[in-house]
Amino acid sequence: MVLPALDIPADRAADSRRVSITRSVSTSPTATFMSPPSSFSGARKASVKHLKPFNTGDIKILLLENVNQTGRDILLKQGYQVEFLKSSLPEDKLIEKIRDVHVIGIRSKTKLTANVLREAKNLIVIGCFCIGTNQVDLQYAADHGIAVFNSPFSNSRSVAELVIGEIIALARQLGDRSNELHQGIWNKVSKGCWEVRGKTLGIIGYGHIGSQLSVLAEAMGMSVIYYDIVNLMALGTSKQVPDLGVLLGEADFVTCHVPELPETQRMIGPKQFEQMRTGSYLINASRGSVVDIPALIDAMRTGKVAGAALDVYPNEPAGNGNYFHNDLNTWAEDLRSLKNLILTPHIGGSTEEAQSAIGIEVGEALVRYVNEGVTLGAVNMPEVNLRSLTLEDSDHIRVIFIHQNIPGVLRKVNEILGDHNVDKQMTDSRGDVAYLMADISNVDHNGVRELYEELESLNSCIKTRILY
Ligand SMILES: NC(=O)c1ccc[n+]([C@@H]2O[C@H](COP(=O)([O-])OP(=O)(O)OC[C@H]3O[C@@H](n4cnc5c(N)ncnc54)[C@H](O)[C@@H]3O)[C@@H](O)[C@H]2O)c1
Ligand SMILES: O=C(O)[C@H](O)COP(=O)(O)O
């Protein structure tokens, strides 16, 4: 439970607490949430008032999985207490640590299951410093008033570039030639080595990464076809195909860029390998569950598949080290023995550019949420924003009431807020959860506590936060 403190700290207007809302960290056309909403235009001249949920020194943040320095700096600058670990944590250790924190920052390895989140009594927000959010129980988090943010496209280009590199590397058997020469063996061959110009790339999942890859592949003279459950605009001269079977039958290179969902589990299995062209190639930089690995091993052994590149695996170690053995995944040694198979340790998004941009994007989203309650960009909550309070609004507070989306709640909330002047208010819902944000004036310190307690006593209440 997040209780408002009643002492207003003297440093509340410190400039270091300013959160940039307009800073753009990506060139994606879908980045609308990074721009100020229309209510910001004609911006008020007065300085923004920096809200405090309670003494910021008390905000505890746990950052796992080597979150980039850019993100760490943004959070430290706020005066939050930040604990930083390079690796992920096993469930028992995670449970121990998460009990104590208000914010957790993770990447793709840390599993925030209902079992873990149940223990996170103080947690208000989760930052996924990556694209994927499949490692978090998003519904459980929403039902318990915990917002989740990610970085939806800051590493898309990095993944697309890796895949382009792999297409050429597989076509020319680069991995094998390089390994051989590292062992002193000169093996100059052209058999089974191809140019990629004129070949067909089949992209499964034409989202941020798939579509970016499409543009790059066409620039190398490839023909591009794609399969997606959504009807999407084709970039360049690429073509959407009606089903997966058609793509597999036509593509020389097949590459997977779908999220981890029940429907995408092992979507490339024995039947799909059968449908692929003999001598074609498979690339998976999406999630390890998307490709049935024993079926891939069979397809490579029979020559049906001439080469493959894997960046992701059903089980991945928590940190770096000598872990890629059968005790991690039962077929690991079989994979290691195959020719023309590029194995990389989930590095698709691991570039300086991507990690630095993700650190800024997610770091700023966390600060906006903690300090101002803004949910723009949240993946499991309605998106709510209000114009910032200014220093002129000295006796104003911001009320955030996360509640069950059931009839009659707003009437009760407005009765509670009714003794004050509600300057502005916004409510939105997403599924069973609704999010109300209201700026009210003429509130003294005792009034803050009363409001908090009255809102908390409503049956529909999931979480109340008061910022001032
Ligand atoms: N290897 C890495 O380091 C790395 C980095 C970033 C992302 N990823 C993974 O790549 C995935 C894709 O990323 P993105 O940013 O392009 O996601 P995205 O959401 O922009 O695009 C995913 C596309 O897949 C489509 N899709 C969903 N289910 C499908 C199905 N059953 N069949 C066909 N298409 C389907 C969606 O309609 C969407 O167009 C992420 O979810 C993440 O798991 C991996
Ligand atoms: O979801 C993602 O963005 C990618 O899988 C990268 O994950 P990572 O940040 O753990 O490398």
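Because the model is predicted, local features need pLDDT of at least 70 and side-chain atom pairs count only at pLDDT 80 or more, while totals for chains, interfaces and linings use all residues. Residues are numbered from 1 along each chain as its sequence is written, and chains are lettered from A and ligands numbered from 1 in the order in which they are written.

The secondary structure of the protein chain comes to 14 helices and 16 strands. Both are DSSP runs numbered from the N terminus, helices being H or I with at least four residues and strands E with at least two. The chain has 468 residues, of which 43% count as buried. A residue is buried if 20 or more other C-beta atoms lie within 10 Å of its own, exposed if 12 or fewer, and partly exposed in between, with C-beta atoms placed from the backbone. Of the contacts in the protein chain with a separation of 6 or more, 67% are between residues 24 or more positions apart. Two residues are in contact if their C-beta atoms, placed from the backbone, lie within 7 Å.

The ligands come next. Ligand 1 is surrounded by 31 residues, and the closest are Gly-205, Gly-207, Ile-209, Pro-259 and Gly-348. A residue belongs to such a shell if its C-beta atom, placed from the backbone, lies within 6 Å of the molecule. Two elements give two or more residues to the shell around ligand 1, namely α5 (156-171) and α7 (208-219). The largest share, three residues, comes from α7. By class, the shell around ligand 1 has 13 nonpolar, 13 polar and five charged residues. Here Ala, Val, Leu, Ile, Met, Phe, Trp, Tyr, Cys and Pro count as nonpolar, Asp, Glu, Lys and Arg as charged, and the others, Gly among them, as polar.

Around ligand 2 stand Arg-107, Ser-108, Lys-109, Cys-130, Ile-131, Gly-132, Asn-155, His-346, Gly-348, Gly-349 and Ser-350. This shell divides into two nonpolar, seven polar and two charged residues.

How do the helices pack? Two packed helices are described by the angle between their axes and the distance between the axes. The axes are lines fitted to C-alpha atoms, for helices over the stretch in contact, and angles run from 0 to 180 degrees between N-to-C directions. α5 and α7 pack at an angle of about 50°, with their axes 9 Å apart. α5 is therefore oblique to α7, since angles under 35 degrees count as roughly parallel, over 145 as roughly antiparallel, 65 to 115 as roughly perpendicular and the rest as oblique. From α5, Ser-156, Arg-157, Val-159, Ala-160, Val-163 and Ile-164 meet His-208, Ile-209, Gln-212, Leu-213, Leu-216 and Ala-217 of α7. This contact has eight nonpolar, three polar and one charged residues.

A second pair is helix α1 (residues 69-77) with helix α12 (residues 352-372), packed at an angle of about 25° with their axes 6 Å apart. That angle makes α1 roughly parallel to α12. α1 also passes α12 in a right-handed crossing. Gln-69, Thr-70, Gly-71, Ile-74 and Leu-75 are the α1 residues in this contact, and among their partners in α12 are Ser-356, Gly-359, Ile-360 and Gly-363. The classes here are six nonpolar, six polar and one charged.

Some single residues remain. Ile-126 lies in strand β4 (residues 125-128) and is buried, because 29 other C-beta atoms lie within 10 Å. Leaving aside neighbours within four places in sequence, Ile-126 is in contact with Ile-104, Leu-112, Val-136, Ala-141, Ile-146 and Val-148.

Ser-47 is in the segment before β1 (60-63) and is partly exposed, with 13 other C-beta atoms within 10 Å. Ser-47 and Thr-390 are 343 residues apart in sequence, yet their C-alpha atoms are 5.4 Å apart in space.

Arg-266, in the loop between β9 (253-256) and α9 (270-275), has a phi near 45°, a positive value in a residue other than glycine. Asn-340, in the loop between α11 (332-337) and β12 (341-343), has a positive phi of about 45° although it is not a glycine. Arg-266 is partly exposed, with 14 other C-beta atoms within 10 Å, whereas Asn-340 is buried, with 21.

Terms used: A crossing is left-handed if the near helix is turned anticlockwise from the far one by less than a right angle, and right-handed if clockwise.
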